[in-house]
Amino acid sequence: EGLDRRTAPYQADPWVGTVRFFDLVRSREQRTAGNSLRNPEEAALVVNLLGYLFALFSKNGELNGQVAVLTPYKQQKSELVRAIRHAYGELAVRDSEDPRNSKSPNQRHPQQQGGGAQAIEAEGASGGRVRGVDVMTVDSCQGQERDIILFSCVRASERGIGFVSDVRRMNVGLTRARHALLVIGNASALQISPPWAALIRSLAARRALTPLPSPNVDLRAPPPPPALEYLRDRERA
């Protein structure tokens, strides 16, 4: 409810709006050697959505530095950076270790927005190419905002959702967007948590929950039908 209601062009897009939950119904989390977690299917959908957003709404670099991808898990952050750069090149993701990128673009002093050819291209007109995306863990993004936030939840199993159920982390992750929030998760797994279950029911009732069998959905086609009855069927199963 706190999203800025000023009209941005993507807020009228049927795949975007002001808030949307993409339910990757067949995604599965993977535990890594370091006992962290990743979800490659969620990363693949993030790649797909970024390409769509930048191609349609950043023909003159309007979204450069205005989009962030958040996730609760460090390993998923690495998975996201790898997948985005593999698809769109090194300049697609900004260097999160650069202190000039620790604030949202509108907060940085104009003289701090340089940084060599890479920073210039990442901040300048990019002709619809994905550029200047920030990829962060939820714990590292407090106090920051972006016009568009994509939130990768990761958890997708029957073993619970761990600290993704932490209401404080959930609140931080879901309140960083000024204009559009896109949540990517597995609704069946997340609904074990009462706060997540309430959010999912609310979004379904608002026709803002989109079930997807695969991250490789053709975003040029219309979205599938709203999922209110779909969620009820899953709850009875």
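In strand 8, which residue is the bridge partner of phenylalanine 22? That partner is threonine 210. Before going further, a word on the ground rules: this is a predicted model, where local features need pLDDT of at least 70 and side-chain atom pairs count only at pLDDT 80 or more, while totals for chains, interfaces and linings use all residues. Residues are numbered from 1 along each chain as its sequence is written, and side-chain values use heavy atoms, with hydrogens and water left out.

**The sheet**

Strands here are DSSP runs of E with at least two residues, helices are runs of H or I with at least four, and both are numbered from the N terminus. Six strands make an open sheet with parallel pairing, in the order 5-4-6-7-1-8. Its edges are strand 5 (134-137) and strand 8 (209-212), each of which pairs on one side only. On average, neighbouring strands of this sheet are turned by 20° against each other, direction ignored. Pairing means that DSSP finds at least two bridges between two strands.

| Strand pair | Sense | Bridges |
|---|---|---|
| Strand 6 and strand 7 | parallel | six bridges |
| Strand 1 and strand 7 | parallel | five bridges |
| Strand 1 and strand 8 | parallel | four bridges |

Helix 1 (residues 40-57) lies across strands 1, 4, 6, 7 and 8 and runs at about 145° to strand 7. Helix 2 (residues 74-88) lies across strands 4, 5 and 6, at about 165° to strand 5. For these angles, axes are lines fitted to C-alpha atoms, for helices over the stretch in contact (heavy atoms within 4.5 Å); the values run from 0 to 180 degrees between N-to-C directions.

**Strand 1 and its arginine**

Six of the six residues of strand 1 are buried, so the strand is largely enclosed by the rest of the structure. Buried means under 20% relative accessible area, exposed means over 50%, and partly exposed is in between (1.4 Å probe, protein chains only). Val19, Phe21 and Asp23 sit on one side, with Arg20, Phe22 and Leu24 on the other.

What arginine 20 does have is a side-chain polar contact of 2.8 Å with threonine 210. A polar contact is a pair of N or O atoms within 3.5 Å; within protein, one must be able to donate a hydrogen and the other to accept it, and residues adjacent in sequence count only if both atoms are side-chain atoms.

**Salt bridges elsewhere**

The whole structure holds 13 salt bridges. One of them joins arginine 169 and aspartate 139 at 3.1 Å, N to O. Arginine 169 lies in helix 4 (residues 167-174) and aspartate 139 in the loop between strand 5 and strand 6, so the pair ties together parts 30 residues apart in sequence. Another links arginine 178 with glutamate 145, with the closest N and O atoms 3.6 Å apart. Arginine 178 is buried at 15% relative accessible area, whereas glutamate 145 is partly exposed at 36%.

How values were computed
A salt bridge is a side-chain nitrogen of Lys or Arg within 4 Å of a carboxyl oxygen of Asp or Glu.
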